[in-house]
Amino acid sequence: MTDEVITMAHGAGGKASQALTDAVFRSAYGGEELDRLDDGAVLDIPEGKRVVFATDAFVVTPRTFPGGSIGDLAVNGTVNDLAVMGATPTWLAVAVVLEEGLPLAELREVVADVAAAAAAANVTVVAGDTKVVERGAADGCYLTTSGIGLRDSTVSLAAERVRPGDAVIISGTFGDHGMAVMLARGDLALQADLSSDTAPIHEATAALLAAVPETRWMRDPTRGGVASACNELAVAANVGVALFEETFPVLSPVSGACELLGLDPLYVANEGKFIAIVPADSVDAALTALRSLEVSAQATVIGEINDEHAGMVVAHTPFGGSRIVDMLVGAPLPRIC
Amino acid sequence: MKFVTEFRDPEAAKVLIAEIAELAADQPARKFMEACGGHTHAIYRHGIESLLPESIEMVHGPGCPVCVIPMGRIDDAISIAEQDGVTMCCFGDLMRVPGGSSTLLEAKAKGADIRVVYSPLDALAIAENEPDRNVVFFAVGFETTAPSTAITAMQARERNVSNFSIFCNHVTIVPPMKAILDSPGMELDGFLGPGHVSTVIGTGPYQFVSREYGLPLVATGFEPVDILQGVAMLLRQLAEGRAEVENQYKRVVRDGGNPAALKMLGGVFELRPHFEWRGLGFIAQSALALRDEYADWDAEKHFELPGVRVADPKACQCGEVLKGAIRPWECKVFGTACTPETPIGTCMVSSEGACAAYFNYGRFRAKKRIPVTSA
């Protein structure tokens, strides 16, 4: 295919669409099921497994940033949603909305990133769709991925299982992704050694569940950060979440950039981390399992569950003060995922 | 010196907390006002109020320049932003401040070109990069931010940038402090003086607090250890029967201020005869306007403004909160009709507003006392 830019013809469903599908999408992540080009993928579910189904849309700008691209986020985002539900991510559907005029070369890069991320996460793309909108009706390229993961019927994760006394663990440093994207936008005259943490975390969640089957609940803290995930838990489980600031794993360039911009790392998005709630006496086993993998090598306890302030998240400062960590209001960091 | 870690050192904080407890034990209950919105925010963000003895009450003052902007001025800004070809630039804090019936955020959603910037120089850069846009910078702040607006005006003039203007709402700190001290029924024992305003104006302008009102004032920084030290210094003055102006924030504030910045302010701005402050009414000589030499860059001279005085909603008690007459939770609509998502008044909307700070950080009132043994 010799086209240099995406045109409306590529979205019409005719020859140009087919040529695009073959030359760009199938050549990058084609496989047995996708190549059938049927209207849907027929999948066999093994005995004893339950289906977990998740979806996510990606509109990040800029499309590439230190540490990754929209293609990486699109795969890892859905893979991680499935992973924190205790499932093994298995199949993905990838839908793209392209803006007329998008250079083909750029699209090929995004698609190559999707293919590489899918291979790294051991998931197969089995369905897809492509639409093209007029110049100005979208910003280059939007992606939506939906994913199916398979979970053992014995796995049970739910907010209701969380108990006072349980420990709050995070799988590594937080705030990296949101700050990396913000600085990559170039609006701020700030330079720092910051990279997105986008990565698939399914091996870490699997290792944790194998070592600590009594793990209560997990979540990946994307938009809204650790603070929002903990608030969702506090409300869903009607428990208090106490966080201890002196335990927070935050890289110095992240905390430095946040200080300068008046942001709190607790509210900044992450794309390669998860929060897990485990019984207090399983903390050692949990950390051992997590720290043995690179993606969760800096896993650490950052808080505990109590019944003193049900529905609320409270952070304790290193010198005995305390403050509420509320749900985010407004949109301090637009389009970071 | 990594100021963030050193001035948040728990060991240093514990020493100061013990000293404060000891000093407070031998004194009657004290009310200290922190004028600066930044102090209010820091106090709540680090849970400092929960560390002070019960007998010490921190009263939050009007030092949030966004909080004191009257709704009518927001409406004026919205009317500028809604005009064809205008790009309005402002700090993020201003986006959700309620005007008479709308906000800049809503105006943006409806199609106005409103962009958040971190510095007025960013707005000037936008004007130079987009010559077909009529760029207006919504300038707010005390003497802290006025110098950067001044530099921007000077650069706009030097480079003859004709598609740029400033909607000036800068205010000065001393007049509202005086207005509060003159309020009937106001009982304060001392001031945690402004921190960053003082880097510009120095500590001299606060002498009237000790000379005319007999109260101590300590210009204080914003890290937890700074604030605790400021409170300790106030208590020490009171214990020793002194009423002086002291400087705790010596690493950043020189007593003589920043003469270069002051000269720049004098060259670009002049004092308005009077200006309306939300909750405090009209205060004479309390706000800045661009001088005639900068008329070409003065948005008020280029745009027809509605200029309507909008009365605060009946339920709103922002004025009393700003004066420190009531605490945020004593406002009748705090947390019910007025929340960060649905703010009635500016104290709830601005990140430095007392109500927002308290709502976001302090609603949980578990007081954890550090056990103190006498020395």
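Tutor: Two terms come up at once: helices (H or I, at least four residues) and strands (E, at least two) are DSSP runs, numbered from the N terminus, and two strands pair if DSSP finds at least two bridges between them. This is a predicted model, so local features need pLDDT of at least 70 and side-chain atom pairs count only at pLDDT 80 or more, while totals for chains, interfaces and linings use all residues. Residues are numbered from 1 along each chain as its sequence is written, and chains are lettered from A and ligands numbered from 1 in the order in which they are written.

Student: What is the order of the strands in the open sheet of five strands in chain B?

Tutor: The pairing in this sheet is parallel. Strand 2 (56-63) and strand 9 (245-247) of chain B each have a single partner strand, so they stand at the edges, with one side left without a neighbour in the sheet. Written out, the order is 2-1-7-8-9.

Student: How many bridges join strand 5 of chain B to strand 6 of chain B?

Tutor: Strand 5 (residues 134-141) and strand 6 of chain B run parallel. One pair to look for is B:Ala139 opposite B:Cys168 in strand 6 of chain B. The number of bridges joining these two strands is seven.

Student: Is strand 6 of chain B largely enclosed or left open by the rest of the structure?

Tutor: We need a cut-off here: a residue is buried if 20 or more other C-beta atoms lie within 10 Å of its own, exposed if 12 or fewer, and partly exposed in between, with C-beta atoms placed from the backbone. B:Phe164, B:Ile166, B:Cys168 and B:His170 point one way from strand 6 of chain B, B:Ser165, B:Phe167 and B:Asn169 point the other way, and all are buried. Since that makes seven of the seven residues of strand 6 (residues 164-170) of chain B buried, the strand is largely enclosed.

Student: Is B:Phe359 buried or exposed?

Tutor: B:Phe359 lies in helix 16 (residues 354-362) of chain B. Leaving out residues up to four places away in sequence, B:Phe359 touches B:Gly335, B:Thr339, B:Pro340 and B:Met348, where a contact means C-beta atoms, placed from the backbone, within 7 Å. Because B:Phe359 has 24 C-beta neighbours inside 10 Å, it counts as buried.

Student: How far apart are the C-alpha atoms of B:Phe359 and B:Thr339?

Tutor: Along the chain, B:Phe359 and B:Thr339 are 20 residues apart.

Student: Moving to chain A, which exposed residues does helix 8 carry on the face turned away from its buried side?

Tutor: First find the buried residues of helix 8 (residues 252-261) of chain A: they are A:Val254, A:Ala257 and A:Cys258. An α-helix has 3.6 residues a turn, so residues three or four places apart point the same way. What covers the buried residues of helix 8 of chain A includes helix 5 (176-184) of chain A. The face turned away carries A:Ser252 and A:Leu260.

Student: What share of the 375 residues of chain B count as buried?

Tutor: Chain B has 16 helices and 13 strands. Its C-alpha atoms fill a box of roughly 70 × 45 × 40 Å, taken along the principal axes. Of its 375 residues, the share that count as buried is 51%.

Terms used
Two residues are in contact if their C-beta atoms, placed from the backbone, lie within 7 Å.
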